[in-house]
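Subject: Structure handover and findings

Hello,

Please find the structure below. My notes on it follow, residue by residue and then by salt bridge.

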Amino acid sequence: MNHDTFVNILFSRVERATVTRALIIVNALVFVLLAAVSMSPMQIPADLLIRVGGNFAPLIQKGEEWRLFTALFLHGGLLHVALNMFALHQAGQVVERLFGRWGFAVIYIVAGLLGNLASLWWKPGPVSVGASGAIFGVYGALLSYLLLQRGSVPGEIFREMRSGTLGFIGYSLFAGFTIPGIDNAAHLGGLVGGLVLGAAFAEPIIAPRPVRWLAPRALAGLLAAALLGAGLWQTAPQVVRKFEIDSAYQQTVQRFALEEQELVREQAALMEALRLRRITEAAALDKLEHDFIPRWDRAITQLSWRQAPGGQEWQRDELVHYATTRRDALKALAQAFETRQTVWIERSRVLQVQADNILLQMRLRKSMETARP
């Protein structure tokens, strides 16, 4: 078969690659909307991507499985969506004509879902988005067709397609292993899905239909993809409990931070008012015993009973130590007001210095852990 005949048959199957164009338009429109909402087209915030349907394991495993699909149409930035849509435009027009519109749509969606399941299985922590798993599936299907239907493709076109397909797959996987932040698990999952379905659906270019849906090979390919997806789903690490612990702990720490700032501010205002004789020592003592000290007690209790995520127990324990020292400093001050003995004033001052040192050491340790590669 010569070049012109191959092209004519290809375009007679599918005159216009409408599915490919529709996918590009939908992805572009979704990105424009997200960029407008976030006002940050170069880097869409992760919390926004989670809210609109990103592949986020804790929520998926709590019953929001639909995110495996919606994540295919979300992208993290302008460069991300531009590169993906360029790759889809390059390969999609060919693959849609080789497998037909329905065959191409099935390959794209199933490979994308398998890619997101592989991401869920391999690294279920951060949010994952993008069409790259599905696009790898498109290239995988094209590679399977070239290998299995070698006689349907003229030699010149075969060599050009083969080198382009292998080059894209090889370079993209290499970049995924060397550049942080790229979800190579989704790439590999989508690629495997595309290879399987491409091999299952591939028919000679002169076949009357692009895909024989009821043929044993096609059914076996769909079954294999379904079993692979089920296996990834069943064996994915369960992170819901960890996520719930993390969320509850972070909320407790945030509430403590706000309460701590307010207490320190109010205590400073109280001591200033006492110095200027705007209030009496009796009124200050009442404020300490019935307001400040009980609030520190509540904060200590909440922190002590809150389970901390793995690796952050030290932070909770140090916060409890800090809060306890602050409370004990106020108790010593209350004793000074009651007994009028200077030893209690000195004791209160020493405890406040200790509390400040505890907080300083915590911040230093946290900064060192953040800077650690």
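Leaving aside neighbours within four places in sequence, Asn55 is in contact (heavy atoms within 4.5 Å) with Ile60, Arg67, Leu68, Ala71, Asn116, Ser119, Leu120, Pro126, Val127, Ser128 and Val129. Before the rest, two remarks on the source. This is a predicted model, in which local features need pLDDT of at least 70 and side-chain atom pairs count only at pLDDT 80 or more, while totals for chains, interfaces and linings use all residues. Residues are numbered from 1 along each chain as its sequence is written, and side-chain values use heavy atoms, with hydrogens and water left out.

Asn55

Asn55 sits in the loop between helix 3 (46-51) and helix 4 (57-60). Helices here are DSSP runs of H or I with at least four residues, numbered from the N terminus. The relative accessible area of Asn55 is 3%, so Asn55 is buried. Buried means under 20% relative accessible area, exposed means over 50%, and partly exposed is in between (1.4 Å probe, protein chains only). The side chain of Asn55 reaches the backbone oxygen of Asn116 at 3.2 Å, and Asn116 is also in the contact list of Asn55 given above.

Helix 9 has 18 residues and reaches 25 Å from its first C-alpha to its last, close to the 26 Å expected at 1.5 Å a residue. The expected span is 1.5 Å times one less than the number of residues in the helix. Helix 9 is mostly covered, with 13 of its 18 residues buried. His187 lies in this helix and is buried, at a relative accessible area of 7%. Its side chain makes a polar contact with the side chain of Asn184, at 3.0 Å. A polar contact is a pair of N or O atoms within 3.5 Å; within protein, one must be able to donate a hydrogen and the other to accept it, and residues adjacent in sequence count only if both atoms are side-chain atoms.

Between helix 9 and helix 10

Leu214 is placed in the loop between helix 9 (184-201) and helix 10 (216-235). With 75% relative accessibility, Leu214 counts as exposed. Together with Trp102, Trp213 and Leu219, Leu214 makes a nonpolar surface patch of about 520 Å². Patches are made of residues with over 30% relative accessible area and no salt bridge; like charges are joined within 9 Å, and nonpolar side chains (Val, Leu, Ile, Met, Phe, Trp, Tyr) within 5 Å. Accessible areas come from the Shrake-Rupley method with a 1.4 Å probe, and for residues only the protein chains shown count as cover.

Salt bridges

How many salt bridges does a search of the whole structure find? There are 19, a salt bridge being a side-chain nitrogen of Lys or Arg within 4 Å of a carboxyl oxygen of Asp or Glu.

Arg217 forms one with Glu203, where the closest N and O atoms are 3.4 Å apart. This pair links distant parts of the chain: Arg217 is in helix 10 and Glu203 in the loop between helix 9 and helix 10, 14 residues apart. Arg217 is partly exposed, at 37% relative accessibility, whereas Glu203 is buried, at 7%.

Glu259 and Arg295 meet through their side chains in another salt bridge (2.8 Å, N to O). Glu259 lies in helix 11 and Arg295 in helix 12 (residues 281-305), so the pair ties together parts that are 36 residues apart in sequence. Salt bridges that share partners join Glu259, Glu266, Lys287, Asp291 and Arg295 into one network. Within that pair, Glu259 is partly exposed, at 26%, and Arg295 is buried, at 11%.

Helix 11 and Tyr249

The 36 residues of helix 11 should span 52 Å at 1.5 Å a residue, and its end C-alpha atoms are 52 Å apart, which agrees. Just after helix 11, Arg277 takes a positive phi of about 60°. Tyr249 lies in helix 11 (residues 240-275) and is buried, with a relative accessible area of 1%. Leaving aside neighbours within four places in sequence, Tyr249 is in contact with Arg306, Gln307, Ala308, Pro309, Gln312, Gln315 and Arg316. The C-alpha atoms of Tyr249 and Gly92, 157 residues apart along the chain, are separated by 46 Å.

Regards

Methods: Helices (H or I, at least four residues) and strands (E, at least two) are DSSP runs, numbered from the N terminus.
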